[in-house]
Amino acid sequence: MKNLKMSIAAMLLLTLSFANGQEKEKMNHDHATMKMDHSKMMNMNSDAKAEAILNDYFNLKDALVADDTKKAAQEGSKLAASLKAFDASKYTAEEQKELADIIEDATEHAEHIAKSDIGHQREHFKTLSKDITDMVAITGTKNTLYQQFCPMYDKGSAWLSKSDEVRNPYYGSKMLKCGKVKETIN
Amino acid sequence: MKIVKIIAIVLLVAFVGIQFMPVERNQSDGVPKIDFMLVNDVPSDIKNKLKVSCYDCHSNNTKYPWYNKVQPVAWFLEGHIKEGKAELNFNEWDSLSSRRKVSKLRSIIKQIESGEMPMDSYTLIHKEAAFSEEEIQQVIKYMENLKDSL
């Protein structure tokens, strides 16, 4: 009987502290949202098609990090398909023009990655990364991204990552951790 | 001995025969105003090099010396012209946005730097298209400057 009382009390305490914690987290969250400026808030209505592009881009990046040409080629063609499926109609005329340009360029690079050896794949990945970064600047994304930079590859080359840990897609296993986080996006 | 003779004759007949097959020639009148040479201030030696080494497959006008008219060389060329123009057409340079130009220039530089362009199979029959080490440096430097100016 005493045991039962104790456990009920413990449960109650746990529940209370849990609820309290959640409340706090929610408040923190609200606070964070409030701090964001208006344009970022608009971007928070994330664009599913842009997210799909980013997802393929990250898979491609991971394949290059792993020195896996075949996988990179497959991810390249997937990325080309998601790029083609992008719908810019909800953006302003000016953004649409910019996005069309970005998508056209990125598609070409993705298509080349789909049919090249690893050296070429990495060359194209460099320009592709610039395109995708410019795309995110317009579309926004729901995730925090890190722009990372390797000063050695082709006089300095950047890429995007979902993690702040550096895994170099330009050198792979040869220099896996070469580079640093240059910017945090979102 | 007899069999060799027969094979030689068959090959000869085939060779002569394919000369009569129709080919599409990559030729057009005049150079559009958006041509690479017309919108950029290209030094004459580089201009010349690009015309000789690149324009056969990367423009709307292929020069057809006799050997480019002979089959199967002409077929081989036709395929590459199609592919080459899809990748890059110097005649339509200024229709590209700055982003696309930078992208193309980057590829041009990489291709020449690595010796992938002009293609070996092309320079084999078109000797003057090959780049000397000095020409490589010269053209790359020009393209780099152009890229940085965009």
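Guide: A salt bridge is a side-chain nitrogen of Lys or Arg within 4 Å of a carboxyl oxygen of Asp or Glu, and Lys104(B) forms one with Glu108(A), the closest N and O atoms being 2.7 Å apart. This is a predicted model, in which local features need pLDDT of at least 70 and side-chain atom pairs count only at pLDDT 80 or more, while totals for chains, interfaces and linings use all residues. Residues are numbered from 1 along each chain as its sequence is written, chains are lettered from A and ligands numbered from 1 in the order in which they are written, and side-chain values use heavy atoms, with hydrogens and water left out.

Visitor: How many salt bridges does the rule find across the interface of chain A and chain B, and which helices of chain A supply at least two residues each to the side that touches chain B?

Guide: The rule finds 10 salt bridges across that interface. Helices (H or I, at least four residues) and strands (E, at least two) are DSSP runs, numbered from the N terminus; helix 5 (93–113) and helix 6 (118–139) of chain A each supply at least two residues of the side that touches chain B. By class, that side of chain A has 1 nonpolar, 5 polar and 13 charged residues, where Asp, Glu, Lys and Arg count as charged, Ala, Val, Leu, Ile, Met, Phe, Trp, Tyr, Cys and Pro as nonpolar, and the others, Gly among them, as polar.

Visitor: What is the area buried between chain A and chain B?

Guide: The size of an interface is often given as the accessible area lost when the parts come together. Buried area is that loss, taken with a 1.4 Å probe and summed over both parts; between chain A and chain B the value is about 1,200 Å², of which carbon and sulfur atoms give 31%. Counted by contact (heavy atoms within 4.5 Å), 19 residues of chain A meet 12 residues of chain B.

Visitor: Is His126(B) buried or exposed, and which residues does His126(B) touch?

Guide: Buried means under 20% relative accessible area, exposed over 50%, and partly exposed in between (1.4 Å probe, protein chains only). His126(B), in the loop between helix 7 (120–125) and helix 8 (133–149) of chain B, has a relative accessible area of 5% and is therefore buried. Not counting residues up to four places away in sequence, His126(B) touches Val52(B), Asp56(B) and Tyr67(B). A polar contact of 2.4 Å also joins the side chains of His126(B) and Tyr122(B); the term means a pair of N or O atoms within 3.5 Å, and within protein one must be able to donate a hydrogen and the other to accept it, while residues adjacent in sequence count only if both atoms are side-chain atoms.

Visitor: Which peptide bond of chain B is cis, with omega near 5°?

Guide: That bond runs from Gln71(B) to Pro72(B), and Pro72(B) is found in the loop between helix 4 (66–69) and helix 5 of chain B. A cis peptide bond also joins Met117(B) and Pro118(B), with omega about -10°.

Visitor: Where is Asp154(A) placed, and what is the phi of Lys155(A)?

Guide: Asp154(A) is in the loop between strand 1 (145–150) and strand 2 (157–161) of chain A, and has a positive phi of about 45° although it is not a glycine. Lys155(A), which lies in the loop between strand 1 and strand 2 of chain A, has a positive phi of about 60° although it is not a glycine. Asp154(A) is partly exposed at a relative accessible area of 24%, whereas Lys155(A) counts as exposed at 69% relative accessibility.

Terms used: Buried area is the accessible area (1.4 Å probe) that two parts lose on being put together, summed over both.
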